Amino acid sequence: MSVSILFERLLASLSRYGLILALIAVFLVFSAAAPTFLTPGNLQSILVNNFTLLAIVSIAMTLAVSAGGIDLSVGTAVDFASFAFVSVVLAGQPVTLALAAALLAGALVGAFNAVLISAIGVSPFLSTLGTLFIGRSIQQLLTDGGNPVYLPPSGVPDAVRFLGHGTIVGLPVPLLIAALVIASVAVLFSQTPFGRVVLSIGIQPSVVRYSGIGPGRHVAVTFILAGTIAAIAGVILTSTVTVYIPSSGNAFLLNAIGATFIGTTFSPLGRPNVVGTVLGVLLLSIVANGLLLTGLNFYWQQVATGSLIFAVLAFSFFNRKAVGT
């Protein structure tokens, strides 16, 4: 075997596994730079406080991107679910009803996008961008200009506390819910005809259309699922902090996009995938926590995170170009 072939194979491996190498690198750097980074309490904090919510929202984003679009309204679905959940609990209704209302609110955000995209033909970018702006305005109107809606400390049901702070066999409930969401979407993509069609739409929509499969229906369901999954993050967020803050869900938007596209570097075809997205979320979570522990100014943290995203994507791009994939 020639040296050039070996070199090409090495580059191909680096292009796919560069994300894992980046994870190892930042882990080692922060382990050395921050004495408290490797403590059990901090590692749990990374998973519960940094990873969980972002992972759920990023999985919702991955669904939309896999279908050849993007969902800029995942934060809106988070917010609407949070508002619905708080409102029903404050009304004295059972937590199960509050959960149903929250999931329905997220699904309705997704359904609104689905109508714009599949029925009217508006691009996913413009549709979800419009939903983002409309959702932000509705939240302002519902809360008299953006006032938080609190659950009174004495009136928080035990079920809500359990969702936000409970444990099962020693594992935090929010983390278990995130793991269930991740596993479910992974199975959806790998084991169901619907998931395989969605992935095909993202790669070659014309081929799907010529095969007699209506891509519009699949895309519509995908965006409804994305809104519903994002709503789960809204429920966990509210259960954790016992307050609804208008537009707080948009704080996850850019990192969810970043994690999803970082995750594409884990695919040989450069496509969105669940494992890659999870690794991307973990990378961003470690960086956010590590930079905080090192005492770096918040604004420089954003610069460092953006630079890391650019570096991972650029590294993968140039390696793929070098091997012609």
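Helices and strands are taken here as DSSP runs, numbered from the N terminus, and lining residues are those with an atom within 4 Å of a pocket point. The analysis concerns a predicted model.

The largest pocket has a volume of about 700 Å³. Its lining comprises 29 residues, among which Asn50, Ala251, Asn255, Ala288 and Gln302 lie closest to the pocket centre. Several elements each contribute at least two residues to this lining, namely the helices α2 (40-66), α10 (215-241), α11 (253-263), α12 (274-293) and α13 (298-323), together with the strand β4 (243-244). Of the contributing elements, α12 provides the largest share, with seven residues. In composition, the lining of the largest pocket contains 17 nonpolar and twelve polar residues, while charged residues are absent.

The second largest pocket has a volume of about 190 Å³. It is lined by 14 residues, and those closest to its centre are Ala67, Ile117, Ile201, Pro215 and Val219. At least two lining residues are supplied by each of α4 (95-120), α9 (205-210) and α10. The lining of the second largest pocket divides into nine nonpolar residues, four polar residues and one charged residue.

Terms used:
Residues are numbered from 1 along each chain as its sequence is written. This is a predicted model: local features need pLDDT of at least 70, side-chain atom pairs count only at pLDDT 80 or more; totals for chains, interfaces and linings use all residues. Side-chain values use heavy atoms; hydrogens and water are left out. On a 1 Å grid over the protein atoms alone, a cavity is a set of points where a 1.4 Å probe fits but cannot get out, and a pocket is an open set with protein on both sides within 12 Å along at least five of seven lines; lining residues have an atom within 4 Å of a point. Grid points are joined across faces, edges and corners, and a volume is the space filled by probe spheres set on the points. Helices (H or I, at least four residues) and strands (E, at least two) are DSSP runs, numbered from the N terminus. Ala, Val, Leu, Ile, Met, Phe, Trp, Tyr, Cys and Pro count as nonpolar, Asp, Glu, Lys and Arg as charged, and the others, Gly among them, as polar.
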